[in-house]
Amino acid sequence: MMKEKLMDFLASEAYRSTPKSIEDFLRANPGCQPAWEEIQLGWELLGERPAVPMMPNRLEELSVPRSGKRAEKAQTITLRLPRWNIAAGWVLLGLMVGLLWPRSSYQEAIAQLSEELQQTRLTMQVLYLQSPDASQRMFAASLSQELPITDFTQEAWLQALEEDPSLSVRMAALDVLSRDKIGPSLKKRLIEAMAYQDSPMLRIEMAELAKHQKWSEALPQLQQWSADEFSPLPLLKALQNIIDHLEQSKKS
């Protein structure tokens, strides 16, 4: 409803004669702000986006390469991406269809525009995550807050959890992956990812997740961590408490 109201305003004489009138419109209709941000994103796609590394400008396959410790189990996950100019074209088309097309076709075009823009956000998230700059990889986590986890982005975050050299990025990856309901496949991958963690902070976070989710399958890895004589004493005590809790839950 808010998108339709915004598109009607953008197609009106008031906006065409005074573009700055959008500010007054948004103050009067704050619910239209998210839709306006989507439109602005589409317009930005017409220009350069130097902050995004390796931004594709044509139809291609973007893959998440597997490397490092899990290279022997590597699978390349591919996703076919839309052209940037297609996404931008939908934005421009959305400004005109309200005047030229019947209402039903107009609504379909708006829905397709939203789908294209969400695909763009998902693409940007993975591109930031593949950046050599840790601050850009962290920015990918903030992008993920308003986006669904797809098979493609899940694989990218799992790779970050297992292999990223930055502890902050690995912590962010765990937060993203555990944000929603964890299915059997993701559960298995997260338990496998425990074996790659050497940070006491991340170990205790993953152990707490296993306790909360009642993952008795994680007990062998937790017991291995608790036998690490180089681990800080507080971590060893916390791990033993979690192990005792899981073993008790397994019996009951």
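Helices (H or I, at least four residues) and strands (E, at least two) are DSSP runs, numbered from the N terminus. By this definition, the protein chain contains 13 helices and 2 strands. The model is a predicted one, in which local features need pLDDT of at least 70 and side-chain atom pairs count only at pLDDT 80 or more, while totals for chains, interfaces and linings use all residues. Residues are numbered from 1 along each chain as its sequence is written, and side-chain values use heavy atoms, with hydrogens and water left out.

Of the 252 residues in the protein chain, 43% are buried (under 20% relative accessible area, with exposed over 50% and partly exposed in between; 1.4 Å probe, protein chains only). Contacts (heavy atoms within 4.5 Å) with a separation of 6 or more come, for 66% of them, from residues 24 or more positions apart.

A nonpolar core is a set of buried Ala, Val, Leu, Ile, Met, Phe, Trp, Tyr and Cys residues joined through side-chain atoms within 4.5 Å. The largest such core has 40 residues, and those with the most contacts inside it are W157, L161, L190, M206, W215 and L222. Elements giving two or more residues to this core include α6 (103-129), α8, α9 (167-177), α11 and α13. Apart from this core lies another, of 6 residues, among them F9, F25, C32 and W36. Leaving aside residues up to four places away in sequence, L190 touches L158, L161, L174, L177, I182, M206, L209 and W215.

Two helix pairs involve α11. The axes (lines fitted to C-alpha atoms, for helices over the stretch in contact, with angles from 0 to 180 degrees between N-to-C directions) of α9 and α11 are 10 Å apart, at an angle of about 10 degrees. The two helices are therefore roughly parallel to each other (angles under 35 degrees; over 145 is roughly antiparallel, 65 to 115 roughly perpendicular and the rest oblique). Here L167, R170, M171 and L174 of α9 meet M201, L202, E205, M206 and L209 of α11.

The axes of α11 (residues 200-213) and α13 (residues 233-251) come within 10 Å and cross at roughly 15 degrees, which makes α11 roughly parallel to α13. Residues making this contact include I204 and A207 of α11 and L239 and I242 of α13.

Finally, Q154 lies in helix α8 (residues 151-163). Q154 is buried, with a relative accessible area of 19%.
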